[in-house]
Amino acid sequence: MAKDKNSVQLIGRLGRNAEVKYLPSGQAMAELSVATSDSYKGKDGREQEKTDWHSVVLWGKAAEHAGSLTKGARVMIEGKLQTRSWDGKDGKKQYKTEVVAFSYEELGGKPREVAQPQVPQPEAETSYGDDEIPF
């Protein structure tokens, strides 16, 4: 039996300009907020639209290149889902699920392949300081 692969593909629009940050190690990290929409008929028979928001993270050179992506750009993202956790200021455990991109393309633009990201992997769980949390 084949092993299931953690894989995600999104096509949507950026809700804000890409945010590029540099970690203390010097590694570049870009965060994208991607909106995807789906249409369906409501109980009243009218067309309804539902929008979901997805957090996307890019690392290294890909993160630096993604810095040119702007709000409203239509993008295709391929990557994997990852959940990280940290202790909030109130002492409660916080969780965030995001897409770690392997590749992205600004639709109408040039495809960008992303090398396997060198994501920091602590021993037990990913931990970011409060000033590094993306929200």
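Trainee: Which side chains does a polar contact of 2.8 Å join?

Mentor: Those of T36 and H54. A polar contact is a pair of N or O atoms within 3.5 Å; within protein, one must be able to donate a hydrogen and the other to accept it, and residues adjacent in sequence count only if both atoms are side-chain atoms. Before we go on, note that this is a predicted model, where local features need pLDDT of at least 70, side-chain atom pairs count only at pLDDT 80 or more, and totals for chains, interfaces and linings use all residues. Residues are numbered from 1 along each chain as its sequence is written, and side-chain values use heavy atoms, with hydrogens and water left out.

Trainee: Is T36 buried or exposed?

Mentor: Buried means under 20% relative accessible area, exposed over 50%, and partly exposed in between (1.4 Å probe, protein chains only). T36 has 16% relative accessibility, so T36 counts as buried. T36 lies in strand β3; helices (H or I, at least four residues) and strands (E, at least two) are DSSP runs, numbered from the N terminus. Contact means heavy atoms within 4.5 Å. Leaving aside neighbours within four places in sequence, T36 is in contact with residues including L10, I11, G12 and H54.

Trainee: Which strands does β1 pair with?

Mentor: Two strands pair if DSSP finds at least two bridges between them. Strand β1 (residues 8–14) pairs in the antiparallel sense with strand β5 (residues 74–87) over six bridges, and V8 has G79 as its bridge partner in β5. β1 also pairs in the antiparallel sense with strand β3 (residues 28–41), over two bridges. There, the bridge partner of L14 is V34.

Trainee: How many salt bridges does the structure hold?

Mentor: A salt bridge is a side-chain nitrogen of Lys or Arg within 4 Å of a carboxyl oxygen of Asp or Glu. The structure holds seven. In one of them, the side chains of R16 and E19 meet at 2.6 Å, N to O. R16 is partly exposed, at 31% relative accessible area, and E19 is partly exposed too, at 27%. Another joins R46 and D44, with the closest N and O atoms 3.7 Å apart. R46 is exposed at 60%, and D44 is exposed at 52%.

Trainee: Where do E98 and R84 lie?

Mentor: These two form a salt bridge as well, their closest N and O atoms being 2.8 Å apart. E98 lies in strand β6 (residues 93–106) and R84 in strand β5, so the pair ties together parts that are 14 residues apart in sequence. Both E98 and R84 are buried.

Trainee: How many residues does the largest nonpolar core have?

Mentor: In soluble globular proteins, nonpolar side chains tend to be buried together. A nonpolar core is a set of buried Ala, Val, Leu, Ile, Met, Phe, Trp, Tyr and Cys residues joined through side-chain atoms within 4.5 Å. The largest one here has 20 residues, and those with the most contacts inside it are L32, V56, L58, L69 and I77. β1, β3, β4 (47–59), α1, β5 and β6 each supply at least two residues of this core, and β3 gives the most, with four. Apart from this core lies another, of five residues, among them L23, V57, W59 and V100.

Trainee: What does A66 touch?

Mentor: A66 is found in helix α1 (residues 60–66) and is buried, with a relative accessible area of 0%. Not counting residues up to four places away in sequence, A66 touches A18, A30, L58 and Y104. A66 and Y104 are 38 residues apart in sequence and 8.7 Å apart in space, C-alpha to C-alpha.
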